[in-house]
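Trainee: I would like to go through this model step by step. Please show me the sequence and the structure.

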Amino acid sequence: MKMKAGCSQLKPVVLILIFNSCFYASYQITGLQVCERCSGSVLNGSAVGEFCASSAGRIDGRCCLRKDNTSDPERIIGLDLSNCSLTHLEDLQGASAALIIDLSLNSITNISDTAFQGFTELNYMILPQDIDCPGGNTSWKKVEVKAGNRLCEGQRDMCNQTGQLSLNCPENSLCAPYGPGFFECSCAENYHGYKCLREGEFPALQVFGPLGASTVVISFVLWFTQRRKAKSL
């Protein structure tokens with residue numbers, strides 16, 4: 001379970017500062033590195049390739065990218081790391097917005113329970129036959145073994161079906177999916193703090209103002225370093 005303050009309580013100016021200045025630069029640096037985890041490219045006849053074609057996506061290395069609208073950056077909607085000689089699963093958070101991931105034809109022996117925490121859009125996975133679906137079978141609507149692969153389809157919502165207050169979350173909070181087998185609790189409107197016990201407007205400017213300034217500097221340094229490395233190649 002993950003607790004967080006309700007997003008509706010953050011000042012718009014702070015949201016613009018943090019998301020536009022920090023996360024976009026961070027995505028450009030770390031997100032596309034996942035696409036180069038191993039050599040080769042997504043094949044047209046593969047599961048990710050067919051999904052990408054039907055979704056009007058663009059192939060880049062091992063990823064399928066797509067823009068939801070003209071103002072947003074491209075995001076990874078499909079990741080194909082099949083037949084990459086992987087023995088363990090490294091950080092894939094750069095592809096946390098993916099709808100489909102293929103890890104078949106690898107010698108992976110185990111996957112951490114938290115490896116796909118935050119992958120709320122993930123709806124289809126192809127795994128080696130001996131690897132369980134993330135979160136267990138109860139986290140998916142359909143699990144089957146076919147042609148030596150384990151197929152995990154239709155991520156289940158771990159919150160109650162009403163979308164309102166959950167018994168798993170504290171009072172004054174809302175439950176939301178947070179990846180296969182996970183959920184997060186967000187404070188309801190006009191509540192914040194530990195276990196959402198404080199009522200009133202969240203002091204966003206005082207809390208996130210200094211953080212926003214520091215993250216902008218860090219993001220610029222990372223972007224500049226990455227650009228210098230690219231020029232040296």
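This is a predicted model: local features need pLDDT of at least 70, side-chain atom pairs count only at pLDDT 80 or more; totals for chains, interfaces and linings use all residues.

Trainee: Which residues of the largest nonpolar core touch the most other members?
Mentor: A nonpolar core is a set of buried Ala, Val, Leu, Ile, Met, Phe, Trp, Tyr and Cys residues joined through side-chain atoms within 4.5 Å. Buried means under 20% relative accessible area, exposed over 50%, partly exposed in between, with a 1.4 Å probe and protein chains only. The largest such core has 28 residues, and those touching the most other members are Ile-101, Leu-103, Phe-116 and Met-125.

Trainee: Which strands each supply at least two residues of this core?
Mentor: Strands (E, at least two residues) and helices (H or I, at least four) are DSSP runs, numbered from the N terminus. The strands that each give at least two residues to this core are β3 (63-66), β4 (75-80) and β6 (124-128).

Trainee: With which residues is Ile-101 in contact, leaving aside its neighbours within four places in sequence?
Mentor: Contact means heavy atoms within 4.5 Å. With those neighbours set aside, the contacts of Ile-101 are Leu-79, Phe-116, Phe-119, Leu-122, Tyr-124, Met-125 and Ile-126.

Trainee: How are the rings of Phe-116 and Phe-119 arranged?
Mentor: Rings of Phe, Tyr and Trp (its six-membered ring) pair if their centres lie within 6.5 Å; planes under 30 degrees apart count as stacked, over 60 as edge-to-face and the rest as tilted. The count by this rule is one aromatic pair. The centres of the Phe-116 and Phe-119 rings are 5.2 Å apart and their planes are at 80°, so the pair is edge-to-face.

Trainee: In what order do the seven strands of the open sheet lie?
Mentor: Strands of a sheet pair through backbone hydrogen bonds, either parallel or antiparallel. Two strands count as paired if DSSP finds at least two bridges between them. In this open sheet the pairing is mixed, and the order is β2-β3-β4-β5-β6-β8-β7.

Trainee: Which are the edge strands?
Mentor: An edge strand of this sheet pairs on one side only. That holds for β2 (58-60) and β7 (140-146).

Trainee: What is the bridge partner of Cys-64 in β4?
Mentor: β3 and β4 run antiparallel and are joined by four bridges. In β4, Cys-64 is partnered by Gly-78.

Trainee: Which strands are included in what covers the buried residues of α2?
Mentor: In helix α2 (residues 47-54), the buried residues are Val-48, Gly-49 and Cys-52. They cover an arc of only 100°, taken from the directions from the helix axis to the C-beta atoms, so they lie on the same side of α2. Their cover includes β2, β3, β4 and β5 (100-102).

Trainee: Which residue in the turn between β9 and β10 has a positive phi?
Mentor: β9 (residues 173-177) and β10 run antiparallel, joined by five bridges. They form a hairpin with five residues between them. The turn residue with a positive phi, of about 105°, is Gly-179.

Note on methods: Residues are numbered from 1 along each chain as its sequence is written. Side-chain values use heavy atoms; hydrogens and water are left out.
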